[in-house]
Amino acid sequence: MSLDPLVFDVFARNCTSRPVMETVAGRWGILTLAALHEGTHRFNELRRRVDGVSEKMLSQTLHALVRDGLVVREVHSAIPPRVEYSLTDSGTRIAAKLVELIELVEAEMPRISLAQERYDAGENPA
């Protein structure tokens, strides 16, 4: 007797992938994963890199990413203790795609800004 493989469908209301998608695709999840794609960071380094994130939001985001197996939290025994965050293999694969998305959005910003200006001026985008 063979077991059916787990099937995940983010479009299904009760799919367990949805909360993970919410964490990864949220503003702070995207930026945190992209920052960690650059390398291992300590908490305050991440906070400086992800400009505008509060300590509370970064802590919650990191907690969720660690729980989901995308980030590793490593405590080094030192005085004072040093905590570093880095990506797992899954986190690295996901972060690479997010970095591609970030780069694409940044490259499209001249067109997007123009479209926003036209829209705000009441022009029909057609």
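Predicted model: local features only at pLDDT ≥ 70, side-chain atom pairs only at ≥ 80, totals over all residues.
Colleague: Thanks! How are two packed helices described?

Modeller: By the angle between their axes and the distance between the axes. Helices here are DSSP runs of H or I with at least four residues, and strands are runs of E with at least two, numbered from the N terminus. Each axis is a line fitted to C-alpha atoms, for helices over the stretch in contact, and angles run from 0 to 180 degrees between N-to-C directions. Take helix α2 (residues 27-37) and helix α5 (residues 89-120): their axes come within 9 Å and cross at roughly 105 degrees. α2 and α5 are therefore roughly perpendicular (65 to 115 degrees; under 35 is roughly parallel, over 145 roughly antiparallel, and the rest oblique).

Colleague: Which residues of α2 and α5 meet?

Modeller: I30, L33, A34 and H37 of α2 meet T92, I94, A95, A96, L98, V99 and I102 of α5, where contact means heavy atoms within 4.5 Å. That contact divides into nine nonpolar, two polar and no charged residues. For the classes, Ala, Val, Leu, Ile, Met, Phe, Trp, Tyr, Cys and Pro count as nonpolar, Asp, Glu, Lys and Arg as charged, and the others, Gly among them, as polar.

Colleague: And at what angle do α2 and α4 pack?

Modeller: At about 75 degrees, with the axes of α2 and helix α4 (residues 55-67) 10 Å apart. That makes α2 roughly perpendicular to α4. Here W28, G29, T32, L33 and L36 of α2 meet M57, L58, T61, L62 and L65 of α4.

Colleague: Now the sheet. How do strands pair in general?

Modeller: Strands of a sheet pair through backbone hydrogen bonds, either parallel or antiparallel. In this model, three strands form an open sheet in the order β1-β3-β2, with antiparallel pairing (two strands pair if DSSP finds at least two bridges between them). β1 (41-42) and β2 (71-76) are at the edges with a single partner strand each, so one side of each has no neighbour in the sheet. Two bridges join β1 to strand β3 (residues 82-87), and H41 has Y85 as its bridge partner in β3.

Colleague: Where do nonpolar side chains tend to go?

Modeller: In soluble globular proteins, they tend to be buried together. A nonpolar core is a set of buried Ala, Val, Leu, Ile, Met, Phe, Trp, Tyr and Cys residues joined through side-chain atoms within 4.5 Å. The largest one here has 19 residues, of which L33, L36, L46, L62, V71 and Y85 touch the most other members. Its largest share, five residues, comes from α2.

Colleague: Is L46 buried or exposed?

Modeller: L46 is buried, with a relative accessible area of 0% (buried means under 20%, exposed over 50%, partly exposed in between, using a 1.4 Å probe and protein chains only). L46 lies in helix α3. Not counting residues up to four places away in sequence, L46 touches T32, A35, L36, H41, L58, L62 and Y85. The C-alpha atoms of L46 and Y85 are separated by 8.9 Å, although these residues are 39 residues apart along the chain.

Conventions:
Residues numbered from 1 in each chain as written. Heavy atoms only, no water.
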